[in-house]
Amino acid sequence: MKRYCILIYLYACVLGTISAENTRDGVRDSMVLLPSVTEAQLSSDYKRTEAGREIFLRSPEIDITKALYGKLPGLNVYQGSGTSGQNVAALSIHGRQPLVLVDGFQRDIEDLVTMDIQSCTVLKDAVATALYGVRGANGVVLITTKRGKRSKLDITANYQIGISTQYRKPDFVDSYTYASFFNKALTMDGLPEKYSSRDLAAFRDNTHPYHYPNVDWWKETNNTLAFNHRLNLTFNGGNQKVRYYTVVDYMYDKGYLKYNTQDDRYSSKPTDIRLNVRTNLDIQLSSTTNLFAGIAAKLKEDNRANAGSIYSTLYSTPSSAFPVKYHNGIYGGSTLYGDKNPVALLMDTGNTRVLNTILLSNVVLNQQLDFITKGLSASVAVSFDYNGSMNDITQKQYKYLEPNASFFEDGTMVASPIIYGKDSETLEHSHNFTNLYMRSTFQAAANYLRNFGHSEISSSLIYEQYAYTAKGRNMSSKNQSVMLTANYNYAKRYSLGGAVNYSGSSYLAPGSHFNLFYGVNGAWNISNEAFFKGITGIDRFKLFASHGVSGWDGNLTHELYMQSYGDANAGSYFFTDNVSQQAGQSEGTLPVENLTVEKNRRTTTGIELGAFKERLNIYAEAFWERRSDILVASTSSVSGIIGVDVSQENAGIEEYRGLDFGASWTDRKGKISYELYANGAFLTSKLINNNQAYQQYDYLYQAGNPVGQRYGLEVVGFFHDQQEINNSPIQTFSVVKPGDIKYKDQNGDNRIDKQDVVKMYGSNIPKFYFGFGFNLSYKQIALSADFQGMTGVTVNLLNSPLYKPLVSNGNLSEQFLNNEIPWTPETAQEATMPRLTTVANENNYRANSLWYRDGSFIKLRNIKLSYSISKKKVRFADMRIFLQGTDLFSLDNLHTTDPEQLGATYPSSRKYWVGLNLNF
């Protein structure tokens with residue numbers, strides 16, 4: 001912590017020195033768009049879906065993507081899971097992960113903090129996506145960081161503390177309930193019961209807690225609360241020659257898990273500590289030459305116990321498995337569950353510290369060339385990023401004891417304890433690099449911008465070279481592009497633009513690296529027409545459209561175009577001096593012929609409307625996309641008779657269409673200011689071709705169905721007895737018993753197999769996702785709330801660890817028993833679930849209509865109340881105090897678990913924040 005404070009102090013001193021040279025105080029410069037491959041090359045008519053810095057400042061999360069929940073039309077944000085270091089939300093535009101550019105350079109969004117950001121823009125039209133060639137087909141999220149201003153030194157300080165509570169955490173049954181249901185499951189499996197009546201009584205009465213325990217493992221390993229502390233400082237200012245903006249952001253996060261406090265040789269406290277520092281400099285080298293530089297550094301230390309997937313262990317360890325410790329201090333364990341004692345894993349296995357260092361740097365030099373011709377300029381931009389991680393591991397072992405307890409017929413309990421493992425007297429230490437990559441970009445551009453009367457012409461010729469180099473074989477990638485953009489605007493009424501990109505990918509074969517992409521767009525600003533001037537109430541009305549082709553190489557890997565060889569099916573031979581066995585080589589899968597990148601042909605059209613003195617703003621954009629050359633399995637076009645496989649080919653085709661929209665109303669009534677907003681996206685899709693092999697029945701073909709369509713067997717009930725099983729079609733997946741799922745025979749062949757799989761319910765891609773909320777202020781008080789949701793999405797309960805109870809000696813939850821009724825002869829008429837079983841059951845636990853559920857939800861993502869106090873009252877700074885809550889509730893159809901995080905074992909969290917903002 002001391003070294004972090006020294007860094008902050010040094011930055012304050014340096015920036016204070018620069019600020020002392022101010023010649024113009026209080027004059028705020030407009031944001032400078034870097035002359036690299038950014039929105040600077042696009043017509044201003046296409047900057048429609050933008051989020052300003054206030055949206056990010058309202059979010060207390062370290063992950064800035066969470067600030068974008070439901071904020072931008074067409075952009076969906078999927079909640080992450082896990083601890084703060086892992087819980088990074090995912091961005092999606094029309095079901096695809098977009099390209100993220102920070103100041104024009106490809107970077108990871110999690111490397112930013114809220115105070116870095118000036119604006120965030122979503123680029124979806126055909127020109128914008130074509131401009132980025134083989135990287136643009138999924139859309140682009142363009143983030144612009146803050147730049148300095150001409151003023152004296154402006155300092156802000158912000159501190160907040162966050163408290164997290166677990167939301168919809170699992171509650172597992174006590175040991176008596178577990179043992180009782182386990183016996184029932186064994187009986188229905190046709191196996192002898194495991195627990196006798198005396199065993200059950202011992203669990204129920206807690207008469208032998210060491211031998212017949214009842215442990216709430218979740219309570220033993222988890223604290224009720226988790227905490228997050230965060231402090232950030234900003235320094236902003238400069239003069240006409242030099243302007244700067246610096247952010248110093250420090251975070252300390254402590255998770256829910258308990259930790260070792262007895263051994264001071266190591267710490268297993270679950271912490272995530274981060275220090276982020278960014279400085280942006282704008283330097284005017286001469287009247288025609290400007291230098292823009294940015295550097296950011298991130299230091300991260302993530303500490304945890306060597307507990308592996310501790311939450312997966314908690315989900316699979318029942319309360320009856322073993323005690324935490326025995327009376328002699330030895331941990332509990334067993335041959336069945338091994339040494340996976342959750343408490344021991346947290347307390348006595350040592351720890352792992354993951355040290356992560358990130359350095360991001362970029363420089364842009366811009367030269368005006370008016371001496372050649374007015375409006376001409378040139379720029380050169382270079383970026384270099386480094387990311388390296390290292391593990392520092394301390395390892396420790398522990399003993400565990402299995403009692404092997406049982407009862408004699410007279411009720412006497414006996415035990416034959418066995419001790420396994422050992423207690424480490426000394427600790428073992430190791431360290432290694434776990435991740436290392438470098439990323440660099442070189443850009444050179446010639447730009448032209450000129451007005452001729454009512455006409456404005458702009459154009460750019462750009463060369464870009466991008467390289468990503470990572471640890472490991474075939475983990476690197478390179479792209480190269482030459483781009484040309486041109487825009488024409490007449491009298492601020494009509495505009496026409498276009499882009500051409502000749503773009504290459506290192507994944508493609510030599511001689512076939514490059515593809516040509518293009519886009520055109522146009523806009524008509526009707527509100528600037530003379531005939532429109534007399535229309536009252538409407539301030540702005542614009543129509544726009546675009547068409548083009550872009551590419552994506554993100555589904556490719558290296559050497560797909562090359563013949564593969566391996567030792568599979570090659571045989572072997574014994575030779576060399578030691579007469580050892582040496583494997584031979586054989587022909588592997590054939591190469592992908594005519595390998596190319598995925599193409600996206602896109603057409604968009606829409607409107608923008610501003611009315612009632614810009615209080616009402618409406619945006620709507622319809623789109624149509626046809627994605628082709630998708631890399632899919634080669635199952636239908638090559639006969640197996642040749643004796644070798646062709647793994648993949650560029651044959652997939654998909655179509656998407658839909659509507660993105662947004663609307664807001666902003667107004668002021670006396671001392672009350674308010675804003676209401678809503679936005680969303682409708683999306684439909686169709687699979688045209690996925691190279692599916694010949695199918696015996698038409699309903700088995702997937703073409704024509706939505707992309708991501710769910711498929712499974714149609715459930716018609718549960719088998720009641722053996723006679724019903726005998727009289728029904730044969731179910732071929734596993735041995736069927738009363739209480740198992742009964743399926744519909746779709747083709748009438750008296751067999752239930754993969755030929756009976758049909759489409760059902762919806763897709764894993766939502767048909768409609770949306771956000772809405774309000775911002776309200778009265779004098780110094782402000783209140784805001786943001787909601788986000790989606791519908792038309794189908795989830796699978798089998799992804800939840802709660803829905804395979806008791807299988808392979810697994811656990812059983814209260815949520816399952818409280819919300820579902822497993823089949824027994826007594827509950828046959830009201831059962832909602834098949835019989836409980838202790839063994840793998842391929843018949844029941846497979847994709848079918850029982851497990852698919854509606855995954856729709858509406859969540860309160862953010863609610864914030866703040867009070868501002870002016871500098872006039874407190875003398876030293878403008879002050880704002882706030883209370884905030886995030887992810888406070890969810891309205892959905894599952895109730896037991898989060899529909900966004902079915903597969904996550906780490907609990908969902910509600911978070912409460914209190915903070916103080918100071919502007920000196």
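Q: Which residues touch the most other members of the largest nonpolar core?
A: The general idea first: in soluble globular proteins, nonpolar side chains tend to be buried together. Here, in this predicted model, the largest nonpolar core holds 67 residues, and Y178, Y311, L806 and W851 touch the most other members.

Q: Which element gives the largest share of this core?
A: That's α4, with 7 residues. Elements giving two or more residues include α4 (175–188), α5 (197–205), α7 (310–316) and β35 (715–718).

Q: What does L806 touch, leaving out residues up to four places away in sequence?
A: Its partners are Y178, F181, F182, A185, N811, L812, L836, T837 and T838. Apart from this core lies another, of 21 residues, with Y69, L75, A89 and V100 among them.

Q: How many helices and strands does the protein have?
A: You'll find 11 helices and 47 strands. The radius of gyration is 32 Å, close to the 29 Å from the globule rule for 920 residues, so the protein is as compact as a globular protein of that length. Buried residues make up 52% of the 920.

Q: Where does pLDDT stay under 50?
A: Where pLDDT is low, the predicted coordinates should not be read in detail. In this model that caution goes to residues 1–48, where pLDDT stays under 50. The protein as a whole averages a pLDDT of 90, and 94% of the residues score at least 70.

Definitions and conventions: Residues numbered from 1 in each chain as written. Predicted model: local features only at pLDDT ≥ 70, side-chain atom pairs only at ≥ 80, totals over all residues. Heavy atoms only, no water. pLDDT = per-residue confidence, 0-100. Contact = heavy atoms within 4.5 Å. Core = buried A, V, L, I, M, F, W, Y, C linked by side-chain atoms within 4.5 Å. Buried < 20%, exposed > 50% of the residue type's maximum accessible area, 1.4 Å probe, protein only. Helix = DSSP H or I, 4+ residues; strand = E, 2+ residues; numbered from the N terminus. Rg over C-alpha atoms; globule rule 2.2 N^0.38 Å.
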